[in-house]
Structure formats: C-alpha cells, structure tokens
Amino acid sequence: MSAQGAPRARRLTEANQEAHFLLEDLYLDFMEALLEVDYEAAHLQLARLTGAIEAHAALEDVHAIPRFAHWLEGRTEAQARTVSSLEGEIVVTEKTDLHLAGDHKILLRGLAAAARQLLALTEKQAPRRQLASVLEPFVRFQSVLEHHTVREQRFLYPVLDTILESEEAAALADSLIATVKAGSKIEVPPS
Ligand SMILES: [Fe+2]
Ligand SMILES: [Fe+2]
C-alpha cells in the first residue's frame with residue numbers, strides 16, 4: 001500500500017480516462033448517425049454505446065465503487081479523507097459515494113429514454129426538423145456522462161490509485177478499457 005504522502009501512480013485514473021474517451025467516441029458515433037437521420041445506423045450505434053456502458057459500469061459496481069465506499073467508511077476525520085487528485089488535494093465526503101453509486105443507474109435510465117425516443121422517431125421516419133425538436137434526451141445523456149466522468153476522475157480513481165496494490169490496480173486498469181471495447185462489439189445480423 002502506498003504510504004501517505006508518497007508519490008502515487010495514476011494508473012487507474014488514466015485507464016478510466018481512456019475508457020471514458022472511448023465512451024464519448026461511441027456517443028458521438030451515435031449522434032452523428034442520428035443527425036444524419038440514419039435511424040438504422042443510430043440504433044446500432046446506440047446499442048454499441050449501451051453495451052459499452054453496461055459492461056464498464058457493471059465492472060465498477062463490483063470492483064471499484066465498493067472499494068471506494070469501504071475506504072470512506074474507515075475514515076472519520078475530513079483530514080483523513082483528503083486525496084491527491086489530478087486537481088490537487090481534495091476532500092471526499094459521503095455525498096461523493098452516494099453520487100457514484102447513483103450515477104450508473106441514471107446513465108442506464110438515460111440510455112433507455114434515448115432508446116425509446118429513437119424508436120418513436122424511427123416509427124414515424126421523422127424528418128430532420130422533427131428530430132431537431134426532440135433532441136433533449138440525447139443531449140441530456142451527454143451531460144450526465146460528463147458529470148459522472150468528472151466524479152470518477154476527481155474522487156473514485158485517485159483514491160483507488162492510492163489504496164490498491166499494484167497487481168490488482170493493473171488488472172482493474174486493463175479491465176476498465178477492455179469492458180468498453182468488448183461491450184461495444186455488437187453482432188450485426190447478416191442482411
Ligand atoms: Fe468509469
Ligand atoms: Fe462509472
């Protein structure tokens with residue numbers, strides 16, 4: 001375990017950043033198809049994004065967030081909850097833990113809302129003007145994902161970079177990226 005104040009590796013923080021860059025790319029692939037009013041392609045890209053987020057979030061729900069919660073439980077003084085993040089020293093609170101646990105559910109609900117909206121548009125073969133009037137669920141999802149990324153990069157992974165042993169951290173770092181890549185590989189049935 002790293003001693004308090006010792007230089008800390010950023011392995012998990014960097015791996016999660018890379019994973020979330022991939023998620024942003026998948027979101028933009030989806031939005032690109034949507035704005036081209038190519039609903040078939042939009043369905044495929046939304047399925048890729050959903051698969052990637054489900055797999056990545058499931059890994060974090062089991063292997064990352066509980067470790068963070070356990071770390072937080074063991075600390076009663078605000079001073080002892082200070083972590084060295086990419087933005088300098090920050091204090092972690094119980095509220096942070098609650099947000100992390102809830103974010104994944106909100107993201108998955110947002111994806112379900114986006115899928116419903118996309119289906120409604122597809123059924124009507126809605127033209128671009130009609131699409132433009134109902135973009136809110138798609139855009140809101142992006143803002144939720146951005147907030148979630150910031151929380152993980154500021155709190156969750158700087159803490160895990162500090163408390164996990166290097167072998168465990170290395171395995172988790174690889175999995176953070178692998179889940180996104182594997183989850184986004186949706187089989188397309190032959191036409
Ligand atoms: Fe993540
Ligand atoms: Fe996450």
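# A walk through a helical chain

Read along the sequence, this chain follows the pattern α-α-α-β-β-α-α-α-α. The model is predicted, with local features needing pLDDT of at least 70 and side-chain atom pairs counting only at pLDDT 80 or more, while totals for chains, interfaces and linings use all residues. Residues are numbered from 1 along each chain as its sequence is written, and chains are lettered from A and ligands numbered from 1 in the order in which they are written.

Visitor: How many helices and strands does the chain come to?
Guide: Both are DSSP runs numbered from the N terminus: helices are H or I with at least four residues, strands are E with at least two. On that basis, the secondary structure comes to seven helices and two strands.

Visitor: What share of the chain's residues counts as buried?
Guide: Buried takes 20 or more other C-beta atoms within 10 Å of a residue's own, exposed takes 12 or fewer, and partly exposed is in between, with C-beta atoms placed from the backbone. Out of 191 residues, the buried share is 28%.

Visitor: Among contacts between residues at least 6 apart in sequence, what share joins residues at least 24 apart?
Guide: A contact here means two C-beta atoms, placed from the backbone, within 7 Å of each other. Taking contacts between residues at least 6 apart, the share joining residues at least 24 apart is 81%.

Visitor: How do H1 and H7 sit relative to each other, parallel or antiparallel?
Guide: Axes are lines fitted to C-alpha atoms, for helices over the stretch in contact, and angles run from 0 to 180 degrees between N-to-C directions. Angles under 35 degrees count as roughly parallel, over 145 as roughly antiparallel, 65 to 115 as roughly perpendicular and the rest as oblique. The axes of H1 and H7 come within 8 Å and cross at roughly 0°. That's why the two helices are roughly parallel.

Visitor: How do the residues of the contact of H1 with H7 divide by class?
Guide: Leu12, Ala15, Ala19 and Leu23 are among the H1 residues involved, and H7 gives residues including Ala169, Leu172, Leu176 and Val180. Nonpolar means Ala, Val, Leu, Ile, Met, Phe, Trp, Tyr, Cys and Pro, charged means Asp, Glu, Lys and Arg, and the others, Gly among them, are polar. The division is twelve nonpolar, one polar and two charged.

Visitor: And H3 with H6, at what angle do they pack?
Guide: H3 covers residues 65–73 and H6 covers 136–163, with their axes 10 Å apart. The pair counts as roughly perpendicular. Ile65, Arg67, Phe68 and Trp71 of H3 meet Leu156, Val159, Leu160 and Ile163 of H6. The packing angle is about 75°.

Visitor: Which residues touch the most other members of the largest nonpolar core?
Guide: A nonpolar core is a set of buried Ala, Val, Leu, Ile, Met, Phe, Trp, Tyr and Cys residues joined through C-beta atoms within 7 Å. This one has 37 residues, and the elements giving it two or more are H1, H2, H3, H4, H6 and H7. The ones touching the most other members are Leu23, Leu156 and Leu160.

Visitor: Is leucine 156 buried or exposed?
Guide: Leucine 156 is found in H6, and it touches Ala64, Ile65, Phe68, Leu100 and Arg151, not counting residues up to four places away in sequence. With 27 C-beta neighbours inside 10 Å, leucine 156 counts as buried.

Visitor: What about tyrosine 27, which residues is it in contact with?
Guide: Tyrosine 27 is in H1 and counts as buried, having 22 C-beta neighbours inside 10 Å. Leaving aside neighbours within four places in sequence, its contacts are Leu49, Gln142 and Leu145.
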